[in-house]
Amino acid sequence: MKDRFSLSHSMFWKKPVHELHREIARRPSLKRVLKPIDLVLMGVGAIIGTGVFVLSGVAAGLHAGNALPLSFLIAGVVCLFAALCYAEFSTMIPVAGSAYTYCYTSLGEIWAWIIGWDLVLEYGLAISAVAIGWSGYFCVLAGSLGLTLPATLSHPFGIEGGIINLPAVIIVLCLTVLLIHGTQKSAKMNAIIVGIKIFIILLFIVLGAGSIQPANWAPFMPPSGWSGVFSGAAIVFFAFIGFDAVVTAAEETEEPQKSLPAGIIGSLIICMILYVIVGIVLTGIIPWSQLTVPEAINAPIAFALEHIGYSWGAALVSIGAICGMTSVLLIMLFGQSRILFAMSRDGLVPGIFSTVNPVTHTPVNVTVFTGIITAVIAGIFPLSIVAELVNMGTLVAFFIVALGVLLLRRQQPALNRPFSCPGVPYLPLLCMGCCIFLICNLNTLSHQLFLIWLFLGLVVYFLYGVKKSTNRQNGNITYPEPISCRIDPGTPSRLLPKIETPESTVDPVGSLTTNPEITRDP
């Protein structure tokens, strides 16, 4: 009987870095068309959206007060720690899959599956939630133009007489079609959208700068002190989610060793600077105590512009918010499809998701599947807890990536690292500690729902993934049946059957690494 529970089981095997590169060379891969500027714009497109247009008011009015810029800075620094860890992995392993692939090389298959399943939750719910927010802004903008959608077509089933949130469904399906037609076209579309929303933010900064009242900044710290600043940072952490989507494009990037660090770190720093300036201007033109009213919490930027006499601000910000959320949707759809693509190529989900269209060089099947599922969720379900779950999935991913950097530095110190995360082991440890701190501050329901999703994922893995894994099949490992320890001296011993296995080595924790000099047929 096979030893199903030892550390030598295939579910604990790690995928060697050289094996990843060899698989890419012999299997259909994605076309490398993205340049550093495309990655920076992709990161900015994924980050700037609902966070700055909505959460800035929530964080200032209910938590950080005038210290909103400090909350933005703290959340940005935590994400920067994770970004440096992502940059090391992405240059060392420039293939699709993001944290899932990194985990496969450092922790093993079962942990890779867990993080991959976690990312499916994060991206899937993020897409649906942003689509619902996009629909809300679209309906407001359409109403200001005299076009009112009936409630049955603008709300999910059971909410205010709604049947389906049609705008949310339509925007997801339209962007899915755009992604199918090629990554390069999607990148150009994203660049245009990013330009529009950055213009809107810069316009707010310029208009607001002339109306700043320094007296509004006194006192700087909120009544709750540092506790309010940290809780505000936990809220605006949502505003930085998205930079990790850049690494899902690793396999479609020209010169990934140079381009990926620039895209990851560059987009995050740009957004951090913009967010801090927005926080300074917002709290300078309106007292933070006035940001507690519902109108300010739902649309703080528009509320602030109206407060200083720019009545057209609401419509303008609605346009900016729609553009912002459109680019977020585009990048999240892209990232979700590439993670499932990588998992499919490893055999953990059906192979139909890893087929590449020979004309567009994009994974059409998985893109269509992702678009349909997320469109249905966005159209039918109200997702009140989505933000917490998305945050949970992101923090777990950040923790795993930081842990993976530490483990690979110890296990394979000689690996070529075109970009090395500075301050190892202290910076990854600091990143892990910050992630645990923020996870503990999420509500109990989020923890419970995440554990349910994790349980369902393990069921899928043990029923399908562990049997179909290409890592297991390529290993060609067989186990002999147990041999009785009772020996009859009168009976000649039989020769044990010869077991053919590839030359391999087993590390102290039981993970099997295939000799890089052996080449197997695909």
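**Exercise 1: A salt-bridge network**

Arginine 409 and glutamate 88 form a salt bridge through their side chains, at 2.8 Å from N to O; a salt bridge here is a side-chain nitrogen of Lys or Arg within 4 Å of a carboxyl oxygen of Asp or Glu. The model is predicted, so local features need pLDDT of at least 70 and side-chain atom pairs pLDDT 80 or more, whereas totals for chains, interfaces and linings use all residues. Residues are numbered from 1 along each chain as its sequence is written, and side-chain values use heavy atoms, with hydrogens and water left out.

Task: Determine which parts of the chain are tied together by arginine 409 and glutamate 88, and which residues are linked in a network of salt bridges.

Solution. 

1. Arginine 409 lies in helix 16 (residues 386-411) and glutamate 88 in helix 4 (residues 68-92), so the pair joins parts 321 residues apart in sequence. Helices are DSSP runs (H or I, at least four residues), numbered from the N terminus.
2. The side chains of arginine 417 and glutamate 88 also meet in a salt bridge, at 3.1 Å from N to O. Arginine 417 is in the loop between helix 16 and helix 17 (426-440), so this pair ties together parts 329 residues apart in sequence.
3. Glu88, Arg409 and Arg417 are therefore linked in a network of salt bridges. A search of the whole structure finds two salt bridges.

**Exercise 2: Burial of the charged residues**

Task: Classify glutamate 88, arginine 417 and arginine 409 as buried, partly exposed or exposed.

Solution. 

1. Buried means under 20% relative accessible area, exposed over 50%, and partly exposed in between (1.4 Å probe, protein chains only).
2. Glutamate 88, at 1%, is buried.
3. Arginine 417, at 12%, also counts as buried, while arginine 409, at 26%, is partly exposed.

**Exercise 3: Packing of two helices**

Task: Describe how the axes of helix 5 and helix 6 cross.

Solution. 

1. The axes of helix 5 (residues 99-106) and helix 6 come within 7 Å and cross at roughly 170°. Axes are lines fitted to C-alpha atoms over the stretch in contact, with angles from 0 to 180 degrees between N-to-C directions.
2. Angles over 145 degrees count as roughly antiparallel, so helix 5 is roughly antiparallel to helix 6.
3. Contacts (heavy atoms within 4.5 Å) include Tyr100 and Tyr104 of helix 5 and Trp111 and Leu119 of helix 6.

Key: Parallel < 35°, antiparallel > 145°, perpendicular 65-115°, else oblique.
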